[in-house]
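Good morning, colleagues. Please look at the sequence and structure now on the screen.

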Amino acid sequence: MGTDKEQENQSGTFISLVAQGDRCAVRLRAIRCPRAGLMNTRLSSKNKTSQLSKNAQRASSHLNAQTHSGRFTQLDSNKLRGGYYTSDELAEWLSAWAIRRSDDMILEPSCGDGAFLKAASNRLGNLGAKGPDRADRLRGIEIFSTEADKARKRLEEDLGIRSSDVVEISDFFAWWKRPGRPQFDAVVGNPPFIRYQTFPEPHRSRAMNIMQEQGLSPNRLTNIWVPFVVAAASTLKAGGRMALVLPAELLQVSYAAQLRSFLTDRFGRVDLIACNEMLFKGAEQEVLLLLADEARSAPASDAPCKVNLIESNSVAELLTCKPEKLLKQASPKTIVHDSEKWLKYFLNQDEISFMRSLRASEATVELGSYASVNVGVVTGKNQFFVLRSSEVEELGLQGYTIPLIGRSAHLNGAKIDKKAWQRLAENDQRVHLLHLAPINGSKPKGALASYLKFGESLEVHKGYKCSIRKPWYAVPSVYVPDAFVFRQIYDFPRIVLNEAEATATDTIHRMRCHNGNPHSIIANSYTFLTAASAEIEGRSYGGGVLELEPTEAEKLLMPANFGDAMTIEESDELIRAGKLNEVLEENSRRILVEKMGLSVAECNMLRGIWEKMRNRRLSRSKSAAKFKK
C-alpha cells in the first residue's frame, strides 16, 4: 500500500508513486520543472555584463540553494522498485476474519501479486475446501498482466492449472459493469491509492459513474481507493464482509465523508483498526484496517450501524491476537448515517458524548463566528518573491516589499510585533515579500525592472500561478491580517496576534476578526477546549503533524462569552519560556470553569482528550522515524 506522490529529483523529472493492488508502482513522467529550470539556468553574457550582474548572480545562488534542499532529492530503493506490499501475515490475518465457511465466495478487486488470494486460498483450505473448490470460489481482478502472472504463479502450488481461472486481467470497474457478475460473501484486499488527476481514462470515468450509481457524488478530490471500496461493497451478498487495508484518510478527509456515511448505511458493524506503528516500512502514508460486517443493501433505521476504532501498539501485537478476540475487546458506538470525521472514535463513548454536547451547547461557538481564516499569500515562486534584507538592499528593491512571516518557526509566542520582525530581518531571514501594488500598474523601472527581467530569464513567469496573472509579478491577496493561525501543528493550535503589520505565505493561515477584539479572541483561544477540538477537526498524517485547513480552523470551539483570560503579553512570555501548559491550565480555570461553568472533572476530560489524540499522532511520528533508519 503506498501513496500517489509526485516526487521531484534533481534533474527536474517527476516520479509518480502510484499504488496498485498490493504494491506501489512507479511511474516516471518527464515534465519540465520550474525548480529544475531555475537550478540549471545560466545567465547570458548580456546579463553578466549588465548593471544587475552581481545582484543577479547572488539571487541565482539563492535560488539554487533552495532547489538543492528540496524535499525530494533522494528516493529510497523501496519507492523506486514499488515495494510496498501487504505482508503475507497481515493478509492471512484479515482473511481469517472475513472468510468463515468453506463455501464462501471471495473477491480481491485489485489483487496485485496475489498476497490476499494466497491467504484466502489457505483459509478456505483450513476450513475444508479442496483445490478445485477453492478455484471456483476465488476471484481476483488485476489490470496489469505482469502482476496477474505473479498472482497465478503464487497460487499454482495450491490450485495447479486452475490458478489461471482465478485471476482475471481487467480493469476492476469495467469488470464491475459486466452484466451477470457474481456476488460474494467476502471481499479482501488493499485497493490502490491514486489521486483523481493521476488516474487515467477511461478507468476514472467508470469509477466515478459507479459511485454516482451508488448514490455518492464524487469530485476532483476523490482518491481512487474510494470508488474501489464502494464498488467492492456493492458486490457483497446480504450479511457479507469486507476486510481491506485503507489509507487512514478514511477517518478524516472531506473527500471520504460520503464514504463514511455509505459504510454506516451499508453495514451493520464497522471496525477500524489503527496501529501506532507504521504498517509499511519506508512509506509515510498511515493506513488502517477496515473490517465491515453484516452487509446490507440499504440503511436500517431499526438496526443502526455500530462503529468502533481499536488501537494496536505494534504490528506484532496485532498479528498475535486473533481477530475475534481483538474485536471482543471493543466497545462499539452506535451511529446513524454518520459523515463526521471518525477521528473521534479514538475516544471513549463518554468523551465523544461530551464533545458533542459542548458543540451543541450555547456556551460554545466556532472560531468562525468571531473571525475568518484564509490561506496565506500564494506567490507562485517563493524563491523569487520572498527575499532577505541583504537581497533587498543589493538588488535595489527598497520600497517594493512589505514585512512577511514565511515560516511558523518565526512565531515563537502568542504575538509578534515590529521589534520581533526586525530581529528576524536583521538575522537575514526571508521576511520580505515583493509587493508591487504600490506602483499601480505603471511600468517597472530601474532596479525593479532589472530584477523582473532576471525572473523572466529564469522563466518564473511561466510557472502556473504566475502565468495566469496579469502582470505575472502582481501577487494577489496581499493584506495584513489581525492574526496568524498555524496550519501545521505539533502540540497546540496556536493563534498569534499580528502587531508586526506583516502578511504571511501559504505555510501559515491568516485570520481577520469581524466580531470582537483580536486580543480577546486570541487570548480566549488558549484553553483545553480549543486544543481538544483541534485534534478532532484537523487531520494528521504519518509524520505526526496535525494539519488544519481554513474551514477546519474556523470550526475550532471557543467560549461563546469571553472570560478573564490571561493577557496576550502574559501568555506570550510564558509560551516563549516553554510554559504553554501553564497558560492552558490558568486560562481553562478562568474561562472554562469560572466563566462557562464546566466542572474541574470536565476540564480535565478536555485536557485528557487533547493529550490522548496529540500523543497518538506524535507516537506515529516516532514510528516513522524508526522505520527510516
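In strand 19 (residues 483-486), Ala483 and Val485 point one way, Phe484 and Phe486 point the other way, and all are buried. Buried here means under 20% relative accessible area, with a 1.4 Å probe and protein chains only. Helices (H or I, at least four residues) and strands (E, at least two) are DSSP runs, numbered from the N terminus. In a regular strand, side chains alternate between the two faces of the sheet.

This is a predicted model, in which local features need pLDDT of at least 70, side-chain atom pairs count only at pLDDT 80 or more, and totals for chains, interfaces and linings use all residues. Residues are numbered from 1 along each chain as its sequence is written, and side-chain values use heavy atoms, leaving out hydrogens and water.

I turn now to arginine 430, located in the loop between helix 19 (418-426) and strand 18 (432-434). Arginine 430 is buried but has no salt bridge; glutamate 391, the nearest side chain of opposite charge, is 5.4 Å away. A salt bridge requires a side-chain nitrogen of Lys or Arg within 4 Å of a carboxyl oxygen of Asp or Glu. What does the side chain of arginine 430 reach? It reaches the backbone oxygen of asparagine 382 at 2.8 Å, and one of its polar atoms lies 3.1 Å from the backbone oxygen of valine 386.

Notes
Buried means under 20% relative accessible area, exposed over 50%, partly exposed in between (1.4 Å probe, protein chains only). Lys and Arg count as positive and Asp and Glu as negative; His and the chain ends are not counted. A polar contact is a pair of N or O atoms within 3.5 Å; within protein, one must be able to donate a hydrogen and the other to accept it, and residues adjacent in sequence count only if both atoms are side-chain atoms.
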